[in-house]
Amino acid sequence: MASLSSSSAEDIQAAIQCKDVEMQLPAKRQNRLLRNVRHRFLNVYKRLFSIYVVANLIALVIVLCQSKTANLSSASNLSIPISTNVLVAALSRTEYVVNMLFASVTWIPQTAPLRLRCAFAKVYEYGGVHGGAGFSAALWTIAFTIQMTRAFLSGESFESSILVFTYLLFFFLLAITISAHPSFRRLQHNSFEAIHRFAAWISVALYWVLVMLISSSLHKQGGVSFGHVLISSPSFWILCFLTFLIVRPWLRLRKVNARPEYLSKHAIRLHFDYTKIGFCQGLRISTRPLLEWHSFATIPSTSSKDFSILVSNAGDWTKANIQMPARKYWVKGIPVTGFLRVIQLFRKVVIVTTGSGIGPCLSGLIYAQQAGAPLQFRLLWSTRDAEPTYGREIVEEVLRADPQAIILNTKPGSPRPDLVALAYQLYIESGAEAVLVISNPKLTNKVKYGMESRGVPAYGPIFDS
């Protein structure tokens with residue numbers, strides 16, 4: 001390992017090495033069942049999901065027990081929790097809300113107790129609220145559909161079109177819920193995105209029609225003006241806000257210039273200059289904005305408002321853009337804060353990454369280099385042929401940030417390094433407070449579990465979108 005004032009080929013080669021494990025891993029804490037329940041089956045994401053869904057189930061049971069008769073008025077009241085849950089699901093994915101969430105948490109000083117900082121560092125698992133709200137909306141829709149059907153079969157006079165649109169809404173919300181299952185999302189990600197986007201838009205449109213039809217029927221039954229019934233409905237105002245949340249990012253849809261920098265057949269770096277990027281923020285770009293969007297962590301420039309993203313060959317879209325990069329890409333909304341922002345809560349961390357995961361890490365590394373940034377770190381990067389694949393500039397940026405960075409060259413046929421053991425060794429040697437890992441889902445979860453089961457605070461992406 002070499003300290004770089006001016007990088008040379010020898011410096012880079014000295015950093016690229018085969019690191020041996022010199023420290024034996026301690027035994028995992030607790031028995032296997034307890035640690036699996038705590039760190040796998042009931043992580044913060046799943047706890048948030050479960051608490052949210054259970055609270056809605058209790059409310060649903062109470063409402064159904066109090067609803068002695070099935071009529072249009074009582075059944076329509078069930079539309080309020082449906083729209084409320086859909087609104088919560090949308091809000092929890094809104095860039096402004098996510099950015100505000102991270103900003104509020106990272107105000108916690110590094111002098112606060114480590115246990116407190118470790119707990120708040122789990123803020124990035126907020127997706128459990130999104131999933132719980134979406135699932136709860138589906139549960140309330142089932143109850144809403146049953147009650148509407150009972151009211152119609154009981155002979156109450158209202159338009160049959162209300163029942164038709166009720167079943168259509170049920171069908172589309174059910175499709176969204178099923179497609180969001182991790183297995184489907186992992187195997188059919190493009191289909192998941194399409195269903196999630198278009199079925200959600202259609203569901204909101206169907207909901208608008210339902211609110212209008214139900215308000216019209218209640219107006220005829222009660223002799224109250226249609227306008228009064230409509231504006232008296234909470235669902236109407238919730239839908240107004242929900243529609244605004246959906247439309248707002250598209251009002252900022254625009255095509256921006258990109259300067260591609262070819263690195264290798266495996267990776268390309270795209271440079272942008274249309275806005276100023278904060279550290280640990282992500283960007284979504286597209287070549288077909290109605291069909292697909294791809295999220296990337298940004299690498300901010302320390303000298304100007306330029307920034308870049310690292311695109312590696314991980315599918316058809318990325319492969320095509322490496323071979324024939326566009327000069328312009330679509331963007332919408334604003335940059336959103338990523339999970340690595342939680343490094344701000346710690347004095348010293350170990351960052352473990354593989355392959356193109358170095359892209360997101362560079363944003364945090366650049367932050368740590370800034371004058372006065374109260375953060376130290378050690379980096380462990382496992383990748384195949386770092387310099388030929390990602391270019392000398394990327395490797396030099398890594399070594400400027402951490403002159404003692406460990407870069408493992410994983411050539412085909414060579415044994416895979418034990419990243420759990422190496423991460424633990426670096427954690428002990430450096431006196432770090434936490435381990436952060438960015439890799440593929442399998443390896444991320446393996447390293448996280450390997451650390452957490454031994455009492456080491458560990459963090460990594462959730463992969464829930």
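How much accessible surface does the protein chain have, and what share of it belongs to carbon and sulfur atoms? The surface comes to about 22100 Å², and 61% of that belongs to carbon and sulfur atoms. Before I go on, please keep in mind that this is a predicted model.

Let me start with the whole chain. There are 465 residues, and 49% of them count as buried. Along the principal axes, the C-alpha atoms fill a box of roughly 85 × 55 × 45 Å. In secondary structure, the chain has 19 helices and 14 strands. Then there is the matter of who touches whom. If we take the contacts with a separation of 6 or more, 75% of them come from residues 24 or more positions apart.

Please find α8, residues 127-153, and α9, residues 160-179. How far apart are their axes, and at what angle do the two helices pack? The axes are 9 Å apart, and the angle is about 155°. An angle over 145 degrees counts as roughly antiparallel, and therefore α8 and α9 are roughly antiparallel to each other. As for handedness, α8 passes α9 in a left-handed crossing.

Which residues meet there? On the α8 side they include Gly134, Ala138, Ile142, Phe144, Met148 and Phe152. On the α9 side, among them are Ser160, Leu163, Tyr167, Phe170, Leu173 and Thr177. Sorted by class, the contact of α8 with α9 has 13 nonpolar residues, seven polar ones and no charged ones.

Last topic: backbone angles. Most residues other than glycine have a negative phi.

Cys280 is a residue other than glycine, and its phi is near 60°. Where is Cys280? Look in the loop between β4, which covers 267-272, and β5, which covers 281-288. Is Cys280 buried or exposed? The relative accessible area of Cys280 is 5%, and the cut-off for buried is under 20%, so Cys280 is buried.

The second residue is Asp385, with phi near 50°, again a positive value in a residue other than glycine. Asp385 lies in the loop between the strand β11, at 376-383, and the helix α16, at 386-390. Its relative accessible area is 26%, so Asp385 counts as partly exposed.

Notes. Residues numbered from 1 in each chain as written. Predicted model: local features only at pLDDT ≥ 70, side-chain atom pairs only at ≥ 80, totals over all residues. Heavy atoms only, no water. Axes fitted to C-alpha atoms, helices over the stretch in contact; angles between N-to-C directions. Helix = DSSP H or I, 4+ residues; strand = E, 2+ residues; numbered from the N terminus. Parallel < 35°, antiparallel > 145°, perpendicular 65-115°, else oblique. Left-handed = near helix turned anticlockwise from the far one by under 90°. Contact = heavy atoms within 4.5 Å. Nonpolar A, V, L, I, M, F, W, Y, C, P; charged D, E, K, R; others polar. Buried < 20%, exposed > 50% of the residue type's maximum accessible area, 1.4 Å probe, protein only. Areas by Shrake-Rupley, 256 points an atom, 1.4 Å probe, with all protein chains shown as cover.
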